[in-house]
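Here are a few exercises to work through with the model open beside you. Try each task before reading its solution.

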Amino acid sequence: MGVSMGTARAWVERWERQQERYAVDREERFTVITDVVEHATAGRTRPLLLDLGCGPGSLSARLARRLPDAEIVAVDMDPLLLELGRTHHADTARYVDTVIGAEGWTDALGLERPLDAAVSTTALHYLPEPVLLDTYRRLAALLRPGGVLVNGDHFPPDEEPCADLTAYVGRRRAERTGGHAHEDWRSWWAAAARDPELADLFVERQQRLALLGGGGGDEDLAAGRHAVLLRRAGFRHVAPVWQFGDSAVLVAVKDDRGTAGV
């Protein structure tokens, strides 16, 4: 069921271009996330990082380039994207196939020591709010005191008129930088489905999605609400460290005295 190096490289590169359509200043967002992790792990000889919803390893690869001594665990439920990551970014991370938020998902990670940082980009918004809160609590339990959760995503502000404004500013930025010139998400998947080398993985993906059902996350959950959930989960300090439009990087720091409120 594996894919060749050439096929994996071609599809990952195409994935990177496609994702630029959706994440405003995507590369800058990745850079900021990596900056935060670098700062939070300074002085640690082999920091342990968890990449949530890793896809084909885009963020893990950037973390590995900046922090070559880090141990990275990359988790996703999509067998096709995981295989692309394992092949194209083979030396970047240990890839784990599990469903974030499902019963026992953290057991599948095989962690033998506390995390220094957990990161995510445009992945956690797929979780309904009660599942998101539980996920935040589980991550707080996995992180060492003083560890960080760094989440890059679209976080609308709490007030609706401001949300309309930040979304518009983000769209205009994407238009100026050419993001909308790239193929969209549906077109990428339609093309991938036609590649004979990906056929078995695509079938497995469709079967898994059918078993999981629609679900439906809270994609419009405001930044302020995320902060409330994070504090309830045991993160004492929560703040945005970068924003353009409604694209933002939100950082939560676990209480350095332990996990409160879990």
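Throughout, buried means under 20% relative accessible area, exposed means over 50%, and partly exposed is what falls in between (1.4 Å probe, protein chains only). You're looking at a predicted model, where local features need pLDDT of at least 70, side-chain atom pairs count only at pLDDT 80 or more, and totals for chains, interfaces and linings use all residues. Residues are numbered from 1 along each chain as its sequence is written, and side-chain values use heavy atoms, with hydrogens and water left out.

**Exercise 1. Salt bridges**

Task: find the salt-bridge partners of Asp-35, Asp-116 and Asp-255, and say where each pair sits.

Solution: 
1. Start with the rule: a side-chain nitrogen of Lys or Arg within 4 Å of a carboxyl oxygen of Asp or Glu. With this rule you get 16 salt bridges.
2. Asp-35 pairs with Arg-66, with the closest N and O atoms 2.9 Å apart. Asp-35 belongs to helix 2 (residues 26-40) and Arg-66 to helix 3 (residues 58-66), so the bridge ties together parts 31 residues apart in sequence. Helices here are DSSP runs of H or I with at least four residues, strands are runs of E with at least two, and both are numbered from the N terminus.
3. Check accessibility: Asp-35 is partly exposed at 36%, and Arg-66 is partly exposed at 28%.
4. Asp-116 pairs with Arg-144, and here the closest N and O atoms are 2.5 Å apart. This pair links distant parts of the chain, strand 4 for Asp-116 and strand 5 for Arg-144, 28 residues apart. Asp-116 is buried at 3%, and Arg-144 is buried at 12%.
5. Asp-255 pairs with Arg-236, closest N and O atoms 2.9 Å apart. Asp-255 is in the segment after strand 7 and Arg-236 in strand 6, 19 residues apart. Asp-255 is buried at 6%, whereas Arg-236 is partly exposed at 42%.
6. Finally, salt bridges that share partners join Glu-16, Arg-26, Glu-27 and Arg-62 into one network.

**Exercise 2. Strand 5 and its neighbour**

Task: why does strand 5 count as largely enclosed, and in which sense does it pair with strand 4?

Solution: 
1. Count the buried residues: nine of the 12 in strand 5 qualify, so the rest of the structure largely encloses it.
2. Now look at the pairing, which requires DSSP to find at least two bridges between two strands. Strand 4 (residues 115-121) runs parallel to strand 5, with six bridges.

**Exercise 3. The covered side of helix 9**

Task: which residues of helix 9 are buried, and what covers them?

Solution: 
1. In helix 9 (residues 223-232), the buried ones are His-226, Ala-227, Leu-229 and Leu-230. They span an arc of only 165° around the axis, so they lie on the same side of helix 9. The arc is taken from the directions from the helix axis to the C-beta atoms.
2. Look for contacts, meaning heavy atoms within 4.5 Å. The cover includes helix 5 (129-142), strand 5 (143-154), strand 6 (235-244) and strand 7 (247-254).
3. Step past the end: helix 9 is followed by Gly-234, which has a positive phi near 115°.

**Exercise 4. Another positive phi**

Task: where does Thr-122 sit?

Solution: 
1. Find Thr-122 in the loop between strand 4 and helix 5.
2. Its phi is positive, about 50°, although Thr-122 is not a glycine.
3. At 22% relative accessibility, Thr-122 is partly exposed.
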